[in-house]
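User: I'd like a close look at one helix pair in this model. Here it is.

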Amino acid sequence: MTDRPSVLVVDDKENMRHLITRILGDAYQVRTAEDGGRALSLIQTQPFDVVVTDIRMPGADGFEVLKAVKQHAPTTEVILMTAYASVPKAVEAIKEGAYDYLPKPFDPDEASLVVARALERKRLKEQAASLRRELEGIYSFQNIIGRSAPMRALYGLLERASQLDITVLITGETGTGKELVARAIHHDGPRKDRPFIAVNCGALPSELIESELFGHARGAFTGAVETKAGLFEAASGGTIFLDEIGELPLSVQVKLNRTLQDKEVRRVGDAVARRIDARVITATHRDLKAEVTAGRFREDLYYRLNVFPVHLPSLRERREDIPLLAMHFVQKAAKTYRQPVDGLEPDALRALTGYNWPGNVRQLENAIERAVAITTGSRVGPDALPPEVTGGQQGALPADHLVKMPFREAVDLARDRASRDYLIALLREFGGNVTRAAERAGMERESLHRLLKRFGLRSDDFKESP
């Protein structure tokens with residue numbers, strides 16, 4: 001047995017088979033076949049990573065070998081060898097699935113390089129297929145967790161949305177999982193093998209939004225040193241997800257509406273219109289109807305986006321799902337941090353189901369992740385949960401936990417807990433407004449952002465729902 005990559009060399013000339021075997025023999029496990037018929041038999045009985053075959057041979061030629069390989073083992077790469085006069089046939093073979101061709105006579109280093117590249121392509125294709133299978137598992141509707149009546153109704157909507165190439169508007173409070181749902185719709189639909197481009201409209205500077213979405217021509221504005229395609233073009237054939245669509249400036253709303261109507265984009269500073277084929281999914285935590293009434297959102301764009309509305313229930317509307325979600329997050333965090341935690345104490349579960357969760361599923365996940373990280377036993381107790389969840393100020397750590405750790409570690413843990421409690425109180429006071437919170441704390445906005453990230457807090461979780 002060997003773990004070296006396997007290569008099958010097919011040529012009716014013995015000296016050519018020997019030459020290639022000498023070139024590849026040190027790095028690969030090489031088998032040879034003296035004609036196409038023998039090669040077809042070997043392909044049926046054992047796997048090969050790469051097949052290197054001559055085009056012109058008695059009996060089955062290189063094209064027949066190529067066809068048999070692609071039918072029996074689609075991931076196996078095929079390299080054609082040919083005399084210069086037959087190069088057009090080799091190019092034709094590439095169109096039918098061959099990786100590349102080697103014109104005879106060839107340099108030994110060139111042959112080694114082509115085989116190495118073919119193996120790398122095979123590896124990347126297999127890796128991509130593996131990742132696709134993982135994504136299909138992660139984002140399939142069965143893995144959007146919940147058994148409550150609101151979630152069962154939601155699953156039916158998502159199934160229909162995924163099979164229709166239709167514009168979807170996802171609404172729901174912050175933290176309800178709008179991007180997860182958008183990805184699920186994409187990955188369960190006919191465009192799943194094409195790009196999924198996610199854009200947070202609220203995170204892009206207003207002066208750059210138009211350029212990011214639609215692209216720009218060279219010299220269109222100061223700093224545009226080269227032509228750049230926009231995200232709509234990047235999503236060609238796939239899906240573009242516009243999160244927090246309610247944050248788009250009115251000027252960009254006009255261009256987006258035109259893009260959706262005409263199914264084409266014009267880059268900033270460019271008069272040429274380019275056709276696009278991208279499914280559009282949008283999401284917002286705002287009431288877009290109210291935004292239209294207030295003059296902050298265009299009515300024509302609202303109706304163009306609201307073709308297939310999907311509303312995500314808040315966590316407090318589906319409390320019966322909290323235990324299921326909590327256990328899922330416990331298992332996930334335990335695996336991440338390699339903690340021997342496998343469940344929740346009854347009092348902890350009671351606290352979780354009794355809390356209103358203004359930050360919804362995202363806030364629940366953050367709370368469980370932090371609880372698992374500081375739990376020393378096999379089950380998460382109420383003392384490990386954030387004080388806002390249990391309804392008490394639990395700044396002190398249990399004595400039985402303290403005595404099991406070194407002094408410095410205990411002090412650091414207590415400091416971290418006090419710091420997190422301070423940040424929670426600060427964000428509550430200012431409704432998630434990081435700028436005002438930073439002013440009160442006497443620190444730079446960027447420094448506060450770093451602290452929030454360190455302690456697993458998100459300012460959005462403390463903003464009031466509209």
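Which residues in α13 meet which residues in α14?

Analyst: Quick ground rules: this is a predicted model, where local features need pLDDT of at least 70, side-chain atom pairs count only at pLDDT 80 or more, and totals for chains, interfaces and linings use all residues. Residues are numbered from 1 along each chain as its sequence is written, and side-chain values use heavy atoms, with hydrogens and water left out.

Now to your pair. On the α13 side you have Ile-322, Pro-323 and Ala-326, and they meet Leu-349, Leu-352 and Thr-353 in α14; contact means heavy atoms within 4.5 Å. By class, that contact has five nonpolar residues, one polar and no charged ones (Ala, Val, Leu, Ile, Met, Phe, Trp, Tyr, Cys and Pro count as nonpolar, Asp, Glu, Lys and Arg as charged, and the others, Gly among them, as polar).

As for the geometry, two packed helices are described by the angle between their axes and the distance between the axes. Here α13 covers residues 322–337 and α14 covers residues 346–354; they pack at about 120 degrees with their axes 10 Å apart. The axes are lines fitted to C-alpha atoms, for helices over the stretch in contact, and angles run from 0 to 180 degrees between N-to-C directions. So α13 and α14 are oblique to each other: under 35 degrees counts as roughly parallel, over 145 as roughly antiparallel, 65 to 115 as roughly perpendicular and the rest as oblique. The crossing of α13 past α14 is right-handed, a label used if the near helix is turned clockwise from the far one by less than a right angle, and left-handed if anticlockwise.

Ser-314 counts as buried because its relative accessibility is 2%; the cut-offs are under 20% relative accessible area for buried, over 50% for exposed and partly exposed in between, with a 1.4 Å probe and protein chains only. Setting aside neighbours within four places in sequence, Ser-314 is in contact with Glu-173, Thr-176 and Asn-360.

Of its 466 residues, 44% count as buried. Among contacts with a separation of 6 or more, 66% come from residues 24 or more positions apart.

How values were computed:
Helix = DSSP H or I, 4+ residues; strand = E, 2+ residues; numbered from the N terminus.
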